Amino acid sequence: MAAVFTITARKGELMTNPVVGVERTARGVAVITISRPEALNALNGQVIQELGQALHRLAAEGVRQVVLTGAGEKAFVAGADIAAMASFNRAEATAFARRGQRVLNQLSLYPGVTIAAVNGFALGGGMELAMACDLILASENAKFGQPEVNLGVIPGFGGTQRLSRLIGPQRARELIFTGRTFDAQEAVSLGLALRATPRGGVVDAALEIAHTIASKGPRAIELAKLSCANGERFDLAIGLQEEAEFFGQCFETSDQSEGMSAFLEKRSPMFAGK
Ligand code: CO8
């Protein structure tokens with residue numbers, strides 16, 4: 001994979017080493033890696049800022065599939081940075097939660113498919129980060145949890161909202177109230193993770209799915225994602241109305257005429273993403 005760019009500090013900002021790396025595969029899938037090994041890739045202001053910038057640039061470049069992972073084999077992301085949060089007052093904590101939520105919303109609304117390749121601890125903000133992706137794959141050494149109550153706080157990057165939507169309100173409450181950690185197999189059986197993969201193979205497994213999706217009609221994937229997201233926000237009747245609208249929109253794309261012509265002409269489609 002070739003590096004596509006390195007994040008640089010904006011004018012007036014202190015120049016620090018980048019903590020979010022972006023690489024791209026030959027087939028156009030981006031791999032974003034959060035890299036703060038000294039703190040098990042914990043989310044501080046710099047990670048959140050660089051992640052937001054990386055997503056913005058990838059979307060502007062038209063990158064359709066993104067795999068998100070943590071550097072090393074020990075952690076995906078071990079939570080928000082406790083040392084950075086320890087001295088927050090109420091206003092600072094609220095602002096930090098809102099800032100994190102904005103970037104996680106940016107991730108969940110990314111105009112393409114996002115896959116979390118969870119390669120170790122995904123705790124607190126790390127599990128919330130994974131839940132903002134479309135799919136979660138878990139390495140067999142992955143450990144998930146919302147342990148915030150152990151620290152006297154609650155999930156603040158969307159955990160009290162996204163977890164119950166993913167696994168149901170009662171199961172979400174049990175995990176949030178006990179703060180217990182659980183392994184990849186349990187994550188799969190809860191429906192939090194799609195599947196468990198052998199240790200060391202989770203990014204490759206995510207790339208395999210991303211490359212399969214990359215061969216489909218890009219506009220169709222984008223509209224299908226929007227329609228699925230609507231299903232989680234609206235009731236069935238509104239969701240179905242919206243689905244019919246999105247279905248109609250597909251027929252204004254060249255991908256639809258190419259996909260259907262290719263089928264009828266018994267050849268592989270060449271999608272333009274328009
Ligand atoms: N923040 C800061 N540093 C961390 C974090 C973290 N979340 N997790 C690990 N580290 C650091 C450790 O302090 C340690 O640093 P040092 O070597 O300088 O002492 C280094 O990473 C390695 O960690 P350990 O020595 O603890 O490694 P172990 O293998 O013994 O344990 C664990 C690994 C179990 C993952 C352990 O590190 C741990 O429990 N970490 C904290 C997990 C946690 O509680 N996460 C939730 C944080 S709260 C949160 O995410 C809230 C999100 C919403 C925020 C809303 C904003 C207000």
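Partly exposed residues are those with a relative accessible area between the buried limit, under 20%, and the exposed limit, over 50%. The legends below describe close-up views of a predicted model.

**Figure 1. The salt bridge between D134 and K225.** The side chains of K225 and D134 meet in a salt bridge, with 2.9 Å from N to O. K225 belongs to helix 9, whereas D134 sits in the loop between helix 4 (125-131) and strand 8 (135-139), so the pair ties together parts that are 91 residues apart in sequence. D134 has a relative accessibility of 34% and therefore counts as partly exposed. K225, at 14% relative accessibility, counts as buried.

**Figure 2. The interface of domain 1 and domain 2.** The domain assignment divides the chain into domain 1 (2-214) and domain 2 (218-264). The centres of the two domains, taken over C-alpha atoms, are separated by 27 Å. At the interface, 12 residues of domain 1 are in contact with 5 residues of domain 2. The area buried between the domains is about 570 Å², and carbon and sulfur atoms give 58% of that area. Across this interface there are 2 salt bridges and 5 residue pairs in polar contact. On the side of domain 1 that touches domain 2, the elements giving two or more residues are helix 3 (90-108) and strand 6 (113-118). By class, that side of domain 1 has 6 nonpolar, 3 polar and 3 charged residues.

**Figure 3. The surroundings of R36.** R36 is found in the loop that lies between strand 3 (30-34) and helix 1 (45-60). The relative accessibility of R36 is 10%, under the 20% limit, and R36 therefore counts as buried. Leaving aside residues up to four places away in sequence, R36 touches V19, N41, A42, N44, V47 and D81. The side chain of R36 reaches the backbone oxygen of A42 at 2.9 Å.

Figure 4. The side chains of R36 and E38 meet in a salt bridge at 3.7 Å, N to O. Salt bridges that share partners join R36, E38 and D81 into one network.

Figure 5. R180 is partly exposed, with a relative accessible area of 29%. E174 likewise counts as partly exposed, at 33% relative accessibility. The count of salt bridges comes to 11.

**Figure 6. Helix 11 and its packing.** Helix 11 comprises residues 254-264, and D255, Q256, E258 and A262 in this helix are buried. An α-helix has 3.6 residues a turn, so residues three or four places apart point the same way. The buried residues of helix 11 pack against helix 9 (218-233) and helix 10 (236-250). Helix 11 is followed by K266, whose phi is positive, near 55 degrees.

How values were computed
Residues are numbered from 1 along each chain as its sequence is written. This is a predicted model: local features need pLDDT of at least 70, side-chain atom pairs count only at pLDDT 80 or more; totals for chains, interfaces and linings use all residues. Side-chain values use heavy atoms; hydrogens and water are left out. Domain bounds come from an automatic or database domain assignment. Contact means heavy atoms within 4.5 Å. Buried area is the accessible area (1.4 Å probe) that two parts lose on being put together, summed over both. A salt bridge is a side-chain nitrogen of Lys or Arg within 4 Å of a carboxyl oxygen of Asp or Glu. A polar contact is a pair of N or O atoms within 3.5 Å; within protein, one must be able to donate a hydrogen and the other to accept it, and residues adjacent in sequence count only if both atoms are side-chain atoms. Helices (H or I, at least four residues) and strands (E, at least two) are DSSP runs, numbered from the N terminus. Ala, Val, Leu, Ile, Met, Phe, Trp, Tyr, Cys and Pro count as nonpolar, Asp, Glu, Lys and Arg as charged, and the others, Gly among them, as polar. Buried means under 20% relative accessible area, exposed over 50%, partly exposed in between (1.4 Å probe, protein chains only).
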